[in-house]
Amino acid sequence: MPDTPIPDDLVGAFQIDGEPVRGRVVRLGAAIDEILRGHDYPDPVANLLGEACALAALVGSNLKFEGRLIVEARGAGAVRYVVADYDTSGGLRGYCRFDPEEVAAASGGFQRPGARSLLGEGVFMMTVDQGPDMDRYQGVTNIEGETLALCAEQYFAQSEQTPTRVRLAVGSDPGAWRAGGFMIQHIAGDAARGDTAEAWNRTQAFFETIGEDELLDTELSSDRLLFRLFHEDGVRVFGSKPLRAFCRCSEERIVTVLKSFDAAERADMVEDDGKIRVTCEYCSRVYALAPEALASA
C-alpha cells in the first residue's frame, strides 16, 4: 500500500519526449461517485454515463479559454440520450434518458453492453460553448463501434482529421464508483518533423497494453502509469487540473424557465400541496416553488 493516498479527480496532459504524440489522462473518484449515485441508474446506464464524463474531462481539459465541452450521444435504442458537461473550472455533470425495460433487455447476454448496444443507431456529438456572446461549435458523427471510446476516435478522425486513440473505464468495486480515461493524439509530420508514422505506431502499441484495471487502480497514480508505458522514450507531464461534481442549476434559473410558460400552463403544474416541483436532470435536485413566486413578470 502507498504511504499516502493516490490523488483522485484529476486530469493531466503529457507529451512523449521527442515524439509527435501528446495525450491526457483522467482519474475520477468522489466526483464520478457523486454524479452516478445521484441518479441511481441501472449499472449499464451508469457505466455509459461514467464513460461520457471521463471523455468530457479528457477532451474539455484541452480548451484554451473559459467555456464548456459537451459530449452527447443520441439514439433510438434503450438509452435515448447521454450527455456529459465539462466546464473549464473543472466542474462535471451528466445524465441519461432511457427506458428501464429496454435497458434490461439490451443487457441480456452482455456483461457490460456498450454504447452501440444501448443507444442503437444514432449520432455522437461534441459541442464547444464559449459563452453567450460566442457561437457554439458542434461536430457530429454517426455512432461507430461498440464503445464511446470508438465513437470519439471516429469523431476526431472525421471532424478534425487527427488520429486519436481513447480508452475509458468505469467500475464500482468496492462499493464506490470510479472512472478513468486515457487519450493519445498524433501530431502530423511536417518539414521539421519528417515522417512521424513509425513513432505513432510504436506509441499505439504501448497504448494497446493499457488495461481497464490500471485506469481504475486506487494504488496506481497517473504519473506511474505514464512511466510504466513510456519510460523507454521518456514522458513529460504538464501538471494536472482538479475535477469535481458541479451543477449550474439554481432556483433563479428554474424560476426563469417556469416564467416562460403562461399562467394556465403553470396552473396545470401545481401539485396537491400547492407547489410546483421541478427536478434538475443533471443533479436530481428537486425545487419546490409556490405559484405566487412566479406571478411577477
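Let me start with a term: a charge sits over a ring if NZ of Lys or CZ of Arg is within 6 Å of the ring centre and within 35 degrees of the ring normal. Keep that in mind. This is a predicted model.

First example. Arg244 puts its charged end over the ring of Phe246. The distance to the ring centre is 4.8 Å.

Second example. The charged end of Arg97 sits over the ring of Tyr81, 5.6 Å from its centre.

Now, ring against ring. How many aromatic pairs does the structure hold? There are 9. Tyr81 turns up again here, paired with Tyr95. Their centres are 5.7 Å apart, and the planes make an angle of 50°, so the pair counts as tilted: stacked needs under 30 degrees, edge-to-face over 60. Where do the two partners sit in the chain? Tyr81 is in strand β4, residues 79-87. Tyr95 is in strand β5, residues 91-98. They are 14 residues apart, and the pair links distant parts of the chain.

Buried or exposed? Take Tyr81. Its relative accessible area is 10%, so Tyr81 is buried; the cut-off is under 20%. Tyr95 is buried as well, at 6%.

Next pair: Tyr155 and Phe156. This one is edge-to-face, with 85° between the planes. Centre to centre, that is 5.5 Å. Tyr155 counts as buried, at 2% relative accessibility. Phe156 also counts as buried, at 4%.

Last item, the phenylalanines. Which residues do ring pairs link into a cluster? Phe14, Phe182, Phe206, Phe207 and Phe230.

Notes: Residues numbered from 1 in each chain as written. Predicted model: local features only at pLDDT ≥ 70, side-chain atom pairs only at ≥ 80, totals over all residues. Heavy atoms only, no water. Phe/Tyr/Trp six-rings, centres within 6.5 Å; stacked < 30°, edge-to-face > 60°. Helix = DSSP H or I, 4+ residues; strand = E, 2+ residues; numbered from the N terminus. Buried < 20%, exposed > 50% of the residue type's maximum accessible area, 1.4 Å probe, protein only.
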